[in-house]
Amino acid sequence: QVQLVESGGGLVQAGGSLRLSCAASGRTFRSYAMGWFRQARGKEREFVAAISSSGGSTYYADSVKGRFTISRDGAKNTVYLQMNSLKPADTAVYYCAAGSYGTTRPNDYNYWGQGTQVTVSS
């Protein structure tokens, strides 16, 4: 089992930045690909970004490409999502997830965090 805990969410003005963290328990973190997903009220959960187990490959949704950066620190068992140039459309609950492959599909991930709220005001 892998336990994931997100932090760093909050309220930010449009154009601002926010850095989300996802801390994983246990010693198996480095064997999993990690992903970030978000779900706005009334909408389906959507893919945001993913990173391979080694950190050598990253993937981004078109809506966040060039603004968001995913990274991981194996020594700290933590994955990050740096969010810049935030827009009101980025408002959602953000979830981190762990799985065998860094795909864009939620069902491909085995473990999920509780989520952290990100609200971007205009």
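These legends accompany several close-up views of a predicted model.

Residues are numbered from 1 along each chain as its sequence is written, and side-chain values use heavy atoms, leaving out hydrogens and water. Because the model is predicted, local features need pLDDT of at least 70 and side-chain atom pairs count only at pLDDT 80 or more, while totals for chains, interfaces and linings use all residues.

View 1. The protein chain has 11 strands and zero helices; here strands (E, at least two residues) and helices (H or I, at least four) are DSSP runs, numbered from the N terminus. Its radius of gyration is 13 Å, close to the 14 Å that the globule rule gives for 122 residues, so the chain is as compact as a globular protein of that length. That radius is taken over C-alpha atoms, and the globule rule is 2.2 Å times the number of residues to the power 0.38. Along the principal axes, the C-alpha atoms fill a box of roughly 40 × 25 × 25 Å. Of the 122 residues, 43% count as buried, meaning under 20% relative accessible area, with exposed over 50% and partly exposed in between (1.4 Å probe, protein chains only).

**View 2. A disulfide joins Cys22 and Cys96.** Their sulfur atoms lie 1.9 Å apart, and a disulfide is counted when a pair of cysteine sulfur atoms is within 2.5 Å. The pair links distant parts of the chain, with Cys22 in strand E3 (residues 18-24) and Cys96 in strand E9 (residues 92-99), 74 residues apart. The torsion about the S-S bond is about 55°, so this disulfide is right-handed. Cys22 is buried at 0% relative accessibility, and Cys96 is buried with a relative accessible area of 0%.

**View 3. The largest nonpolar core has 34 residues.** Such a core is a set of buried Ala, Val, Leu, Ile, Met, Phe, Trp, Tyr and Cys residues joined through side-chain atoms within 4.5 Å. Those with the most contacts inside it are Leu4, Trp36, Leu81, Met83 and Tyr94. Elements giving two or more residues to this core include E3, strand E4 (33-39), strand E8 (78-83) and E9. Take a look at Leu4: setting aside residues up to four places away in sequence, its contacts (heavy atoms within 4.5 Å) include Cys22, Met34, Cys96 and Trp112.

**View 4. Four strands form an open sheet.** Its order is E1-E3-E8-E7, with antiparallel pairing; two strands pair if DSSP finds at least two bridges between them. Strand E1 (4-7) and E7 stand at the edges with a single partner strand each, so one side of each has no neighbour in the sheet.

**View 5. E7 and E8 meet in a hairpin.** The two strands pair in the antiparallel sense over six bridges. Phe68 has Met83 of E8 as its bridge partner, and Asp73 stands opposite Thr78 in E8. Four residues lie between the strands, and Asn77 takes a positive phi near 50° in this hairpin. In a regular strand the side chains alternate between the two faces of the sheet. On E7, Phe68, Ile70 and Arg72 make up the covered face, whereas Thr69, Ser71 and Asp73 make up the uncovered one.

**View 6. Arg67 sits in the loop between strand E6 (58-60) and E7.** Arg67 counts as buried, at 11% relative accessibility. Beyond its neighbours within four places in sequence, Arg67 is in contact with Gln82, Met83, Asn84, Ser85, Leu86, Lys87 and Asp90.
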